[in-house]
Amino acid sequence: MASPPPRLPLVLASASPRRRALLEQIGYAPDAVEPAALDEAVLPGERPEAHAARLAQAKAEAVAARHPGAFVLGADTVVACGRRILDKAETEERARRCLSLLSGRRHRVYGGVTVIDPAGRAVSRLVRTAVAFKRLSEDEMAAYLASGEWRGKAGGYAIQGRAAAFVRFVGGSYSNVVGLPLHETYRLLIGLALPPRPPGPM
């Protein structure tokens, strides 16, 4: 029998270890990881969902230009209260402001995903997940801030970590809140004729 054609490489246009782990979970371990290093500032009047979709596409396009002949996946996650975008928390004070805003409220997490195939075709999806937090006490907030888990996280929390204790409701894709909507990503990759790899030997 003739051997199947070699699988074309998959490049993840993101430095996020969470996105890489999520891709690996569904059989799509990337062959290379290359952040796009873009300016991620919000444009004047830009809505949260538009921001997530724009950045996912821009990341994929920037990295695809450097990797001809590869599949390139770009993604972006935006946490929003109404139209207010909560950036990645890089300081404890910023994380405290995010947690205070989310406490006792519902918010939305938008996940943009764009995949560009070796022929240059681009397909995209935008996924929305609703998340509701319990009302946080000062002690709970202080303990979470002391953990340092919030650092570099959109909205100042990681749902897959200690912050799971604060979440009383998730409506929609859980993996989207972690960093990548897996069902929608899988459908994009399958639709572009990139099957998952079989599991390796145990």
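Visitor: Which element gives the most to the lining of the largest pocket?
Guide: In this predicted model, local features need pLDDT of at least 70 and side-chain atom pairs pLDDT 80 or more, while totals for chains, interfaces and linings use all residues. Residues are numbered from 1 along each chain as its sequence is written, and side-chain values use heavy atoms, without hydrogens or water. Helix α1 (17–25), strand β3 (71–81) and helix α5 (174–178) each supply at least two lining residues, and the greatest contribution, 3 residues, comes from β3.

Visitor: Which residue of β5 stands opposite D76?
Guide: Strands are DSSP runs of E with at least two residues, and helices runs of H or I with at least four. Strands β3 and β5 pair (at least two DSSP bridges) in the antiparallel sense, over 9 bridges. The β5 residue facing D76 is G112.

Visitor: How many residues of β5 are buried?
Guide: Strand β5 spans residues 106–116 and is mostly covered. Taking buried as under 20% relative accessible area with a 1.4 Å probe and protein chains only, the count out of its 11 residues is 9.

Visitor: What is the phi of G120, in the turn between β5 and β6?
Guide: Strand β6 (residues 122–133) pairs with β5 in the antiparallel sense over 11 bridges, and G111 stands opposite V127 in β6. The two strands form a hairpin with 5 residues between them. In that turn, G120 has a positive phi of about 90 degrees.

Key. Buried means under 20% relative accessible area, exposed over 50%, partly exposed in between (1.4 Å probe, protein chains only).
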